[in-house]
Amino acid sequence: MKAVIITGTSRGLGAALSKHLMEKVENLHLISIARNSNLEMEEMARQKRVKLDFIKADLAQTDTLEALMEKVFACIDMEKITGLYLVNNAGVVEPITPLSKTRTADLEKNLAINLTAPMVLTAAFMRLSRRLKVEKRVVTITSGASKRAVYGWSAYCSAKAGVNLFTACAAEEEKDKEFGVQLIAFSPGVVDTDMQATIRSSSQEDFKQLEDFVNFKKEGTLRPPAFVAEKLAEVLFTDHFPSGEFVDIKELL
C-alpha cells in the first residue's frame with residue numbers, strides 16, 4: 001500500500017493530484033490535509049474504494065503542525081505500507097505588494113504557510129518515519145519565482161527560494177542513510193488555479209507584471225491542474241527520483 005499525504009487538497013493542484021492518484025494508484029491510502037473538506041473527492045474515494053482520511057488544519061498555525069503529523073501517522077497502518085509520500089502543496093501568493101508597503105502580519109502568514117509549514121511537516125515526517133524500511137519521499141511545491149526577483153512578490157519569492165534550499169539541505173543530510181528520505185522541490189509553472197485569479201485581481205501599481213498574467217489567461221497558456229497533477233505523480237513515483245534537486249515541469253514536457 002502506498003500512503004500519500006497531501007496538503008492543500010480542497011481545490012487547485014492539491015485536489016487534482018488527489019483525484020489523479022485515486023484514479024491511477026492501486027491500493028492507495030490518501031491523507032488529505034486542508035482547511036476545508038472536498039465533497040467531490042470524498043465521493044470519488046467511496047466510488048473507487050480508496051481509503052481516504054481528511055484532517056482539517058490551518059497550516060499558518062505552525063505550532064500545531066508536529067502534533068498534526070503525529071495524528072497523520074497514527075491513522076496509517078505501518079505494517080502494510082510499501083511507500084510513504086508527503087506532498088507539501090499548500091501555498092499562498094499574498095501579499096502582492098512592494099515590501100515597503102507590506103504589513104508584518106501578512107508577511108508572517110506567507111512565510112508560515114509557504115516555508116515554515118513545509119519545513120516543520122517534513123521534519124516531523126522524517127522523524128516519525130525513521131525506522132520504516134520503505135521508500136520515503138517528500139515533494140514540496142516551489143516556483144520559478146524562487147530563482148528571480150519579481151516586483152511585489154518579495155514574500156513569495158523569498159519563501160520559495162527557502163523551499164529550494166531546505167530541500168537540498170535535507171536531502172544532503174539523508175543521502176547516506178539506509179532508507180533515508182528523498183526530497184525534491186517541484187515547480188509546476190503557471191497553473192490555472194485560484195492563485196492565478198488572485199494574481200490577476202492585484203493592482204498594476206503593486207505588481208508590475210500584472211498584464212502578463214492577465215494575458216496568460218486570455219491566451220489559454222495556463223496549464224490545467226489535471227495535466228500538472230499527472231506530471232507530478234510521474235515524478236513522485238519515478239525510479240530515478242532526483243533527490244535534493246529543483247525539478248521544473250518544463251523538463252518533463
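This is a predicted model: local features need pLDDT of at least 70, side-chain atom pairs count only at pLDDT 80 or more; totals for chains, interfaces and linings use all residues.
Colleague: Why is helix 3 called oblique to helix 4?

Modeller: Helix 3 (residues 65-74) and helix 4 (residues 104-128) pack at about 45°, with axes 9 Å apart. Angles under 35 degrees count as roughly parallel and 65 to 115 as roughly perpendicular, so helix 3 is oblique to helix 4. Helix 3 passes helix 4 in a right-handed crossing.

Colleague: Which residues of helix 3 and helix 4 make the contact?

Modeller: Helix 3 contributes Leu65, Glu66, Leu68, Met69, Glu70 and Phe73, while helix 4 contributes Ala117, Val120, Leu121, Ala124, Phe125, Arg127 and Leu128. By class, this contact of helix 3 with helix 4 has 10 nonpolar, three charged and no polar residues.

Colleague: What makes helix 1 oblique to helix 8?

Modeller: The axes of helix 1 (residues 12-24) and helix 8 (residues 225-236) cross at roughly 60° and come within 8 Å. The roughly perpendicular range is 65 to 115 degrees; helix 1 is therefore oblique to helix 8. Their contact includes Leu13, Leu17 and His20 of helix 1 and Val228, Glu230 and Leu232 of helix 8. Its residues divide into 10 nonpolar, two polar and one charged.

Colleague: Is Thr142 buried or exposed, and how do you know?

Modeller: Thr142 has a relative accessible area of 2%. Buried means under 20%, so Thr142 is buried. Thr142 lies in the loop between strand 5 (135-141) and helix 5 (154-174).

Colleague: What does the side chain of Thr142 reach?

Modeller: The side chain of Thr142 reaches the backbone oxygen of Lys160 at 3.4 Å. A polar contact requires N or O atoms within 3.5 Å, and this distance is 3.4 Å.

Key:
Residues are numbered from 1 along each chain as its sequence is written. Side-chain values use heavy atoms; hydrogens and water are left out. Axes are lines fitted to C-alpha atoms, for helices over the stretch in contact, and angles run from 0 to 180 degrees between N-to-C directions. Helices (H or I, at least four residues) and strands (E, at least two) are DSSP runs, numbered from the N terminus. Angles under 35 degrees count as roughly parallel, over 145 as roughly antiparallel, 65 to 115 as roughly perpendicular and the rest as oblique. A crossing is left-handed if the near helix is turned anticlockwise from the far one by less than a right angle, and right-handed if clockwise. Contact means heavy atoms within 4.5 Å. Ala, Val, Leu, Ile, Met, Phe, Trp, Tyr, Cys and Pro count as nonpolar, Asp, Glu, Lys and Arg as charged, and the others, Gly among them, as polar. Buried means under 20% relative accessible area, exposed over 50%, partly exposed in between (1.4 Å probe, protein chains only). A polar contact is a pair of N or O atoms within 3.5 Å; within protein, one must be able to donate a hydrogen and the other to accept it, and residues adjacent in sequence count only if both atoms are side-chain atoms.
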